[in-house]
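Please open the model in your viewer and keep the selection panel at hand. The tour goes from one selection to the next and says what is to be found at each stop.

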Amino acid sequence: MTLATSSSLYRAVQRRRNRGLLGLYIVVTAFLILYAVLFPGILSVGGFSKFTQNWFPLALVAMAQALLMLNGGITLAIGPMVSLGAVIAATTMGGPLGTFGGFLAVAAAGLCIGAATGAIVALLRLPAIIVTLAGSFIISGVALIMLPRPGGFVPEWLSTLLAGHTPMAFLLLVLILGLWKIFLATPLGLGIYAAGDNPVGAYRSGVPIDRVKIVSFALSGLLAALAGLFVAAQTGSGDPIIGTPFTLNSIAAAVLGGVGFLGGKGTMRGAVCGSLLLSVMINVMFFLGFPPVAQYVAQGLIIVGAVAVPELLGRWRTNR
Amino acid sequence: MSLLKTILRNPPLLTFLLVALVWLVAGLTLRGFGAFGHLRYLLELASVIGIAAAGQTLVILMGGIDLSVGAVITVTAILLPLLSPAWDPTGLVGVVLALAIAIGIGFLNGLGAAVLRVPPIIMTLAMATFLQGVLVLVAGGSAVTVQNPAVILLGQTRPLGVPAGVVLWVVVSAVVLMLIHRMPIGARFLALGANPLAARLSGVSLTRNTLILYSLSGFFAGLAGILLLGMNRQGYVGIGDPYLLTSIAAVVLGGTSILGGRGTYAGTIPGALLLVTTTALITVVNASPGWRSIMFGSLILGLLLISGREARR
C-alpha cells in the first residue's frame, strides 16, 4: 500500500462524511452573521468569551452524545451526569482534596460511571437507551444525596480562569477537538466508527467490540462530567438538577449535526457545529426578547425543520 | 426443568410471576400492603401507565418510539376542562374534543416520521418541546379543576367495587391484544418492525401504517390523560411528565424488544403492575428523594437483567 492510495482513500472517506454538512455550515454562518449584525459586541474579546462560554458545555455534551451515537448507542443520562459533575466539583473543591483533587474526582467519577454503564450495555447485552434511562435515576439520586439543595464552593480564581473575560473556554474546546482527532487515529478510535457502522464486520476484522463500547461510554461520561465542572465554575456553585435540559439538547445538537442513530454515520465536527447552531439560536431568541415559552415552540419547529429539509431536498434531487 | 425453561423463554409470563412474587412477599411482610384497598389502589395507578403504554407498545413494536406521551397526557388533562362546554350535561363533547386533539398530535408525529422522514425519537421529542411551550401559552401555568361529569365519573366510580379506570384498562387491553395478534393490521405493524424493507416490498405501506400507529399512540395517551384527570380532579403543567419514562419502562420490562418486531402487549400489562408495585414499595421504605431515585433506577436495572434481555441479532 503506497502513501498516495491510502491518502486518497482517506480523502474520499472525509468527503463522504462532509457531504451532508455543507448546508449546516451555511446555516450556522448565516446565523452567526445575523448575530454579529444584531449584537456587534460579540466581535470584542469579552463578548466572544461570553458567547463561547455559553456554548462550551453544550458543545461538550453534544460530543458526549455523538461519541455514543457514532458507536450505535445513545445515552439519556447526560443531564444527570452534568449535574453530578457540578455537584462533585462544588463539594470537593472546598475540602481537603483542593481544587486539583476536585477536578480529578470529577474526571474519575465521569470515567467510572461511564465505564460501568458501558460494561452493563456491552457485557450483559441490554439496550443502551433503557440502561441509561435507569442510570439517569441512579445518578441524579446520588447528586441529590451529595448536595440536596444548590450550594457548595468553587474557588473564585477557577471561575475567573474558565468563565472570565478570556476566551479560555474556546481554547479548551479546540484542545479537546484536537485530542479527539488524535484519538481517532488510534485503533480504538477507528473502532468506534467501525463497530457502529458494521458490528459483525468489525468483530470479524479483529476490532474488540465490547472494549470499544466500554471506552466510548467512559469517554462520554468524562465529557459530560467535565461539562458539569464548567457549569459549576460558571455559576460559582453546584446544583443537583442544573444539567436536566442537557439530555435533550445533546441529542438535538448531535442530530442537527448530521449524526445518525444507527451508528457509523456522522462526524464530531458536525455535532459541534450542531451545538453551535442550537446555542446561537437560543442566544438570538433570548436577546430578541422572545418569552421562554416561544423559545420552546421555535426550538421544536427548528429541530424538525433542520432534520426534515435536507431529507426533502435529497429526495427532490433524486426525483428530478 | 422444561417447565422452568418455558417460563424463562416467555417474558410476559415471567414478569407476571415476578409481580405475584413481589405482592406475596410484600403482603406477608409489610402491614397494610396486602389489604384489598391498597391492592385496588395499585391497580388503579397501574391502569394509567398501562393505557399510556398501550400506544407506546404499538409504536415500539414497529421500531419507533414516542417521547411525546407525557406531553400529550398533560395537554389533554389541561385542555379538557377548558374545552368542555357548559351546555353539555354529560361532558362527552369535551372528552371527544380532547381525544380528537390527542389523535391530531399523534397524527402530526406520524406525518413527521413518515413523510418528512424525521427520526421518530427526534420528531416526538420536538413535539414534546413544542407542546410544552404551547401549553404555557394556553393555560398560563396555573392548575385547572375539572367539572366535566363524564371525566369525574370515570375517575371516581367503582361499579361492583372495581374502579372504572381498571375496567377501562381491561377494555383497552382486550382491544390492543386483538389488534396485535388477531387482526391483519397488527401483523403489518410487526412486519414493519422486524424488517421494514421486506415489509414494504411485500406491499405494506410504511406511510399509512406509521400514520395509524402514531395516531393510536396519541389516542391512548389522551385516554390516559383523561383518566388521570378524573382521578386527580386537577390538571396542571407537568402532570404527565412521569408517564413518559414509565410507559417505556413498562414496555421493555414486559420483554418487548426496543428495536421493534418482537413482543406483545401481554408483557406490558405486568410491566406496568411491576413498576407501580416497585414505586409503592419504595414509598413504604420512607427514604429521602435521592435514595428513592437510586432505588428506583437500580430496581429497573435489576428487573431488566431478569426480563429485558435483548437477544443477539
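Predicted model: local features only at pLDDT ≥ 70, side-chain atom pairs only at ≥ 80, totals over all residues.

Begin in chain A by selecting helix H3 (residues 45-70) together with helix H8 (residues 168-185), whose axes lie 8 Å apart and pack at an angle of about 30°. Because angles under 35 degrees count as roughly parallel, H3(A) and H8(A) are described as roughly parallel to each other, and their crossing is left-handed. Now show the side chains of Thr52(A), Gln53(A), Phe56(A) and Ala59(A) in H3(A), which meet Ala169(A), Phe170(A) and Leu173(A) in H8(A). By class, the residues of this contact divide into five nonpolar, two polar and no charged.

Next, select both chains and look at where they touch: 38 residues of chain B are in contact with 34 residues of chain A. On the side of chain B, the elements that give two or more residues are helix H6 (120-139), helix H12 (241-253) and helix H14 (289-307), and H6(B) provides the largest share, with 13 residues. Colouring that side of chain B by class will show 24 nonpolar, 10 polar and four charged residues.

Finally, stay in chain B and select helix H9 (residues 184-194) with helix H11 (residues 206-232), whose axes come within 11 Å and cross at roughly 110°. H9(B) and H11(B) are therefore roughly perpendicular to each other, with a left-handed crossing. Here Arg188(B), Phe189(B) and Leu192(B) of H9(B) make the contact with Leu206(B), Asn209(B) and Leu213(B) of H11(B), a set that divides into four nonpolar, one polar and one charged.

Notes: Residues numbered from 1 in each chain as written. Chains lettered and ligands numbered in written order. Axes fitted to C-alpha atoms, helices over the stretch in contact; angles between N-to-C directions. Helix = DSSP H or I, 4+ residues; strand = E, 2+ residues; numbered from the N terminus. Parallel < 35°, antiparallel > 145°, perpendicular 65-115°, else oblique. Left-handed = near helix turned anticlockwise from the far one by under 90°. Contact = placed C-beta atoms within 7 Å. Nonpolar A, V, L, I, M, F, W, Y, C, P; charged D, E, K, R; others polar.
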